[in-house]
Amino acid sequence: SVRTQSAHRIPAAAARARPLMSSVPAAGASAAGPSGASAFLSFAPSAPTAQTLPRSPASGGSASASAAAAAASSDAGRGSATGAALTSAASAVVLVASAARGGKRARRRRTAGGRVERHFFNFGTPEPEIDANDPGRVGVVKEFQNGSGDFVTASRSDFGWAVVSEHAASEQDGYWPGGAAEGEVKQVWRELRLAKATEDDRPPSVNEGTGQTVVKVSVKDGETPVQVPYCMPLAYPKTMCAIAMAGQHLQGALPLDDVPFQRCLVVGLGGGSMPVWLNHTFPDGRIVVDALEIDPAVIEAATSAMGFPSAAVRPVANARAAAEDAVSGAGGESLRMYPIAGEAFLEALGEKAAGGDYKYDMVFIDAFDKAGRVPPVLVDPEGPFLKALSTLLTPKAAVVMNLLVGMTGSGSSGGAKEIEAMVYAVQQACCSSSGEAFTVRTPMNESSGNQLYGFLTAGREGSRDEPLKEALKNAATAVNEGFPADSVGSPLRFDFARRVIFAYQDWVCPETPPPTLKELEAEEAAKKEKKLSGGGGWFGL
């Protein structure tokens, strides 16, 4: 499933948020659009269907299987070797036919809402519940995966439309900041999608565009929605956080007996679930999160409908002012959101914080353009983002990058050459000579479109006899068991260990620097030019 965050390419001055007015249906109204599953559907194949023998209408295949078994038994009675073989084959056919009937029954099983219940790669048998205490676990996310939601709001900017829809949530825990709230609190899922603007400036339906994120919010009459801070419904932000925290512990930068202060940078806001989760999960006073988002429509949607706290949005006019605000403490806010492009913010911060102690311990690169590509300026080895980032990391830092890459090894973020160019650029900018890099995927039963790259800038302390994969798993287990409870008294709610090793691969730095993205683009442009200008022949190509 494709999960994207908004672009960090267009200058902020060129973008202006314009909330939708009366032309949009009222909140809660059902939006028009094609029926069917949303863009967040994870790949979920149906149960296997047996097609070995033709089936009769009356028996659904049983008669054919029985006939084959009878024929095989007859041959076996005559004592022939062929008969014995047919007996074995007939038994297999009967088993296949039985499995097919069971598969059909499983496929007919439906949820209370009338939609087919999806079981990821389990061929009709529900999986044992994983992360039972996680309010965003696999067992409940089908509530927003299996159908269209109700329209909530839409905002328009120079980047396009940001549309929020709502899905009912079966589990309610009544969360409200500061404890019990006056009046009834209802919790719902809210999904953010980005869509291109049309010539007639028509607002899109809830099914149009690309899925960005999903959050769980608490809503109450007369109050701004509040995001449930301990719930991350999507798989990839959970995996990104698991990589960063396990990596920090493995490097000795996140001891668990007395959690030290951590400064985090999140490039790409979406609905804000990852920065909100980080700010909630770490002990009070032990974390600062700087989040960056360039699309005003996304910021408007996040604060008005997705429960991201408006107090976190810093009132700054440009990158220099944002850097000044961050270094001076942002008015005491531990969660800060700057409406500034990533490269502009880091360049200004690098100048402002030069020689100082304003350094990042954990960095999350989670930004995409509308085509699903990481903005090239963020992965340009000679660009301002990576040049500044290399000076703004603590000696033992963890950097995590999200790419949209399918099981084939390519995807919206590019093919093998483009991916190697991006990973190499980040590794060279962030890691010391002892640093380590690796890649994992989000667990298959949760999503199939995210490839995460982890960079440990200093690498492991001490011996490296143990494979990095096992060391990460052990560190993740230790964090799960030893990290202090959050502000509502709960330990970490989802398992880190399986996330840091799923489809794990060490990333080995190539001996020869690969072509950069700019070089690959120039090479591709030259090929197209040659093809167009080659001419000649009968076809004039």
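The legends below describe close-up views of a predicted model.

Residues are numbered from 1 along each chain as its sequence is written, and side-chain values use heavy atoms, with hydrogens and water left out. Because the model is predicted, local features need pLDDT of at least 70 and side-chain atom pairs count only at pLDDT 80 or more, whereas totals for chains, interfaces and linings use all residues.

**Figure 1. Overview of the chain.** The chain has 13 helices and 14 strands; helices (H or I, at least four residues) and strands (E, at least two) are DSSP runs, numbered from the N terminus. Of its 541 residues, 51% count as buried, where buried means under 20% relative accessible area, exposed over 50% and partly exposed in between, with a 1.4 Å probe and protein chains only. Among contacts (heavy atoms within 4.5 Å) between residues at least 6 apart in sequence, 75% join residues at least 24 apart.

**Figure 2. Helix H3 and its packing partners.** Helix H3 covers residues 138-145, and its buried residues are Val140, Val141, Glu143, Phe144 and Gln145. These buried residues pack against strand S3 (160-168), S4 and strand S5 (210-219). Trp189 belongs to strand S4 and is buried, at 1% relative accessibility. The side chains of Trp189 and Glu143 are joined by a polar contact of 2.8 Å; a polar contact is a pair of N or O atoms within 3.5 Å, of which, within protein, one must be able to donate a hydrogen and the other to accept it, and residues adjacent in sequence count only if both atoms are side-chain atoms. Trp189 and Phe144 are 45 residues apart along the chain, and their C-alpha atoms are separated by 6.8 Å. Gly147, which follows H3, has a positive phi near 155°.

**Figure 3. Gln187 in strand S4.** Gln187 lies in strand S4, residues 186-195, and is buried, with a relative accessible area of 1%. Its side chain makes a polar contact of 3.2 Å with that of Ser218. With neighbours within four places in sequence left aside, the residues in contact with Gln187 include Ala169, Glu171, Tyr175, Lys216, Val217 and Val228.

**Figure 4. Arg499 and Asp131.** Arg499 is placed in helix H12, residues 497-501, and counts as buried at 0% relative accessibility. With neighbours within four places in sequence left aside, Arg499 is in contact with Asp131, Lys238, Arg441 and Glu446, among others. Asp131 lies in the loop between helix H2 (81-108) and H3 and is buried, with a relative accessible area of 14%. Although Asp131 is not a glycine, its phi is positive, at about 55°. Most residues other than glycine have a negative phi.

**Figure 5. The largest pocket.** About 620 Å³ of space lies in the largest pocket. On a 1 Å grid over the protein atoms alone, a pocket is an open set of points with protein on both sides within 12 Å along at least five of seven lines, a cavity is a set where a 1.4 Å probe fits but cannot get out, and lining residues have an atom within 4 Å of a point. Grid points are joined across faces, edges and corners, and a volume is the space filled by probe spheres set on the points. The pocket is lined by 34 residues, of which Asn279, His280, Pro309, Ser334 and Leu335 lie nearest its centre. Elements that give two or more residues to this lining include helix H5 (273-281) and helix H7 (319-327); H5 provides the largest share, three residues. The lining has 18 nonpolar, 12 polar and four charged residues; Ala, Val, Leu, Ile, Met, Phe, Trp, Tyr, Cys and Pro count as nonpolar, Asp, Glu, Lys and Arg as charged, and the others, Gly among them, as polar.

**Figure 6. The second largest cavity.** The count comes to three cavities of 30 Å³ or more, and the second largest cavity holds about 60 Å³ of space. Residues lining this second largest cavity include Tyr230, Trp277, Asp486 and Arg493. Its lining divides into six nonpolar, two polar and two charged residues.

**Figure 7. Cysteines without disulfides.** A search of the whole structure finds zero disulfides, a disulfide being a pair of cysteine sulfur atoms within 2.5 Å. For Cys431, the nearest cysteine sulfur is that of Cys430, 6.3 Å away; Cys431 counts as buried at 13% relative accessibility. For Cys509, the nearest cysteine sulfur is that of Cys431, 9.1 Å away; Cys509 counts as partly exposed at 32% relative accessibility.
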